[in-house]
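I am opening this notebook to keep track of what I look up, entry by entry. Please have the sequence and the model in view while reading.

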Amino acid sequence: MSQLLRLATAGSVDDGKSTLVGRLLYDTKSVLADTLDAVHRASADRGLSTPDLSLLVDGLRSEREQGITIDVAYRYFATPRRSFVLADTPGHVQYTRNTVTGASTAQLGVLLVDARNGVVEQTRRHAAVLALLGVPQLVLAVNKIDLVDYDEPTYRRIAKEFTAHAAELGYPEANVVTIPVSALVGDNVVDRSDQTPWYDGPTLLEHLETVPVHADAEDAPFRFPVQYVIRPRTAEFPDYRGYAGQIAAGRVSVGDEIVVLPSGISTTVTGIDSPQGPKQSADSGESVTLLLANDVDITRGDLIAAAAAPPRVSDEFDATVCWLGDKPLRAGARVLVKHGARTVQALVTQLRTRFDEQTLSSVDEPESLSLNDIGRVLIRSAEQLPIDDYADSRRTGAFLVIDPADGSTLAAGLVGAPLNQLDQTDITEADPAAQDLVSPGP
Amino acid sequence: MAETLAVTDNLDALESEAIHIFREVAGEFDRPVILFSGGKDSTLLLHLAIKAFWPAPVPFALLHVDTGHNFPEVIEFRDKVVAQHGLRLEVANVQEWIDDGRLQERPDGTRNPLQTVPLLDSITAHKFDAVFGGGRRDEERARAKERIFSLRNSFGQWEPRRQRPELWNLYNGRHRPGEHVRVFPLSNWTELDVWHYIERENIELPQIYYAHQREVYLRDGMWLAEGPWGGPRDGETLLSKTVRYRTVGDGSCTGAVESTAATIADVIAEVAASRLTERGATRADDRMSEAAMEDRKREGYF
Ligand SMILES: Nc1nc2c(ncn2[C@@H]2O[C@H](COP(=O)(O)OP(=O)(O)OP(=O)(O)O)[C@@H](O)[C@H]2O)c(=O)[nH]1
Ligand SMILES: [Mg+2]
């Protein structure tokens, strides 16, 4: 079967994300006749002369009534070259949490701008969210190019401004591609437009089909959150004891030395059971069951890691949160942290910075973090957690912040500071000690 | 940056994701249950659950909301599979709810919408806190909006405007007493993925998914079979046709498609070439309005 690419749309409200997704589905002939008939009928009912392709994805009644996207729609399509999982996210600020949902698993973000308006506040917010979450590839789709008469200078100006911004967020030039498109008409989405002779790059689909899908670095150390202990105690398997989970990073082979965290006990892997039966080694992303040499005490929530390169174990850590709760976060908040398969009580002891995604700078010691704010915090947990920096390991560096009172998800948490700018705080008061560190030279 | 998993084969990735979801639920909930009708999606669900816990038995009960309008072949298959794996099946018979007056038969005779109340009553009676469904996002555009862990209030309702963020593969299953979580391990599978996987794993299904001879009559553009739910009315005639079912639900509103696909490979070729979605081709309940599925889901349907 083909390779899979997960992508998410982003960009300001009405910039044409859902129409673009509809166009991709439509022009790749991924829309079946009955679905299309329904869209034609609904468009005609709304008095439109051409079908509104956003209706293919805006699947909720209130979305269709208001003509906006409220929650993520997941759509699937395949070409002979690849399979795609597409998350169409909302542009409205109020629904940023749904954009974060769609982006958290994406390998590529398609960020749209309206060619008439160029890069706007929400474009920068979403670019920051994509960068923070570590979405490795970006496409800037300069949409509604039909409404600026396919004007090359307009496109160049927006592309240049955005590329510079993406570079500041840490994106290498090779990972950012800009494409002039019209989702409404279909220019450069699947079919090359003859209205943009000045553009010789790929169409959106060509790019999606050929962009490299990042795989784990070969040498990423092994990480395995234990989800469940399998103990059949049946006549056939009286002594079987296996540790079930999904490999979060790296690879494991029979004979490997591993360490169980947070307890720190070491042992060896004696067997790997997979959905296809026993195997000698397994890679990140696989759900397997590990058999170990010694009967050690391991429960759900423990992490099995490469003995040679274990994560650090700590009950206090520095993290970045993308705040998604309606109530603001203040220092001293009691929360639950879900990391891997473990949920622990925790205290947010300090708010260190709030990130300004418009200027890419940070404000020190904010009073609070409110809905959609990104900031650095210090967290103390009631139990030791085996953690990696998010920048090194997306799976074992990520956590949820949960409200213990009503169970709602309050924040996307990332261990460390995945964005450089989160480190570079604007020093408001001159700190003489800090300045002394720079030697004036001979 | 590392996302970044080495598993890039589509079916392997889907299988691994589903198994991960089953294990999360087993680890975090007290009384999970799998909705099991004997149809292809729920059979696939059970197949994956068995893999997730092998060699231990599946740590969940099964629940079937039986409209009384099911195809006998499917019920037979359901009972065979349950016995084969030594599982515990609870059946909520819609007929009982009608007999004691908690539900009323609808004038059009279809019992599909009547499943919601027995489902919710059973969830409450058995104190199920996680309910696995075989729903897939590619089935319908309201389903395309649903989370993998979907919180339901104590009335079983889905509130699409207030869904929790669902980040990475960290699922938040917290809920208050009386609430429950619907879990959809097949969310990211398409109809073709399901068939490719059935082929790869050689999973047995009820025979009605493959081409067979059947007496059917045409209504609203769908081939319906005669059964306890009714039969042809004036002007509708029974014809013998070679058909198969793409979905299996309440007999009163599930249509057959004309097909000669007798093997898994034939079905894959047919589905790949089909110009109609599986629900569009076979489900009268979804044709009723633009938001038929969303409305049913809001009320607690699966
Ligand atoms: N002329 C023109 N109009 C477009 C184009 N793309 C989208 N539109 C129109 O822009 C409006 C908004 O499109 P949507 O696709 O709903 O925008 P969106 O970005 O998904 O909006 P939200 O999801 O609510 O953030 C609709 O009226 C579209 O028809 C385009 O390329 N050219
Ligand atoms: Mg939209």
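In which loop is the place of A:Thr79? I found A:Thr79 in the loop between strand 2 and strand 3 (82-88) of chain A, where helices (H or I, at least four residues) and strands (E, at least two) are DSSP runs numbered from the N terminus.

Before going on, I note that this is a predicted model, in which local features need pLDDT of at least 70, side-chain atom pairs count only at pLDDT 80 or more, and totals for chains, interfaces and linings use all residues. Residues are numbered from 1 along each chain as its sequence is written, chains are lettered from A and ligands numbered from 1 in the order in which they are written, and side-chain values use heavy atoms, with hydrogens and water left out.

**Entry: confidence**

I looked up pLDDT, the predictor's confidence in each residue, from 0 to 100. Chain A averages 91, and 93% of its residues score at least 70. Over residues 425-442 of chain A, however, pLDDT stays under 50, and for this stretch the model has 7 contacts (heavy atoms within 4.5 Å) beyond four places in sequence.

Leaving aside residues up to four places away in sequence, A:Thr79 touches A:Thr28, A:Phe84, A:Leu205 and A:Glu209. For A:Glu209, which is 130 residues from A:Thr79 along the chain, I noted a C-alpha separation of 8.1 Å.

**Entry: the magnesium ion**

Which residues coordinate the magnesium ion (ligand 2)? I found A:Ser18 (OG) and A:Thr69 (OG1), at 2.0 Å. A:Ser18 lies in helix 1 (residues 17-27) of chain A and A:Thr69 in the loop between helix 3 (61-66) and strand 2 (73-78), so the pair ties together parts that are 51 residues apart in sequence. Donors are N, O and S atoms within 2.8 Å of the metal (3.2 Å for Na, K and Ca), and because water is not among the atoms, sites may look incomplete. A:Ser18 is buried at 7% relative accessibility, and A:Thr69 is buried at 9%.

**Entry: ligand 1**

Ligand 1 is surrounded by 19 residues, and the closest are A:Lys17, A:Ser18, A:Thr19, A:Thr69 and A:Asp146; a residue is near a molecule or strand if one of its heavy atoms lies within 4 Å of it. Helix 1 of chain A gives the largest share of this shell, 3 residues. I listed an oxygen atom of ligand 1 at 2.9 Å from a polar backbone atom of A:Gly16, one at 2.9 Å from a backbone N or O atom of A:Gly91, and one at 2.9 Å from an N or O atom in the side chain of A:Asn143. Taken alone, ligand 1 exposes 650 Å², of which the protein buries 86% (Shrake-Rupley method, 1.4 Å probe; for residues, only the protein chains shown count as cover).

**Entry: backbone details**

I looked up cis peptide bonds and noted one between A:Leu261 and A:Pro262, with omega about 10°, and one between B:Trp54 and B:Pro55, with omega about 5°. A:Pro262 lies in the loop between strand 11 (257-261) and strand 12 (265-274) of chain A, whereas B:Pro55 is in the loop between helix 2 (40-53) and strand 2 (61-66) of chain B.

Although A:Asp149 is not a glycine, its phi is positive, about 55°, and this residue is exposed, with a relative accessible area of 66%. A:Asn372, also not a glycine, has a positive phi of about 75°, but A:Asn372 counts as buried at 9% relative accessibility.

Notes. Buried means under 20% relative accessible area, exposed over 50%, partly exposed in between (1.4 Å probe, protein chains only). A polar contact is a pair of N or O atoms within 3.5 Å; within protein, one must be able to donate a hydrogen and the other to accept it, and residues adjacent in sequence count only if both atoms are side-chain atoms.
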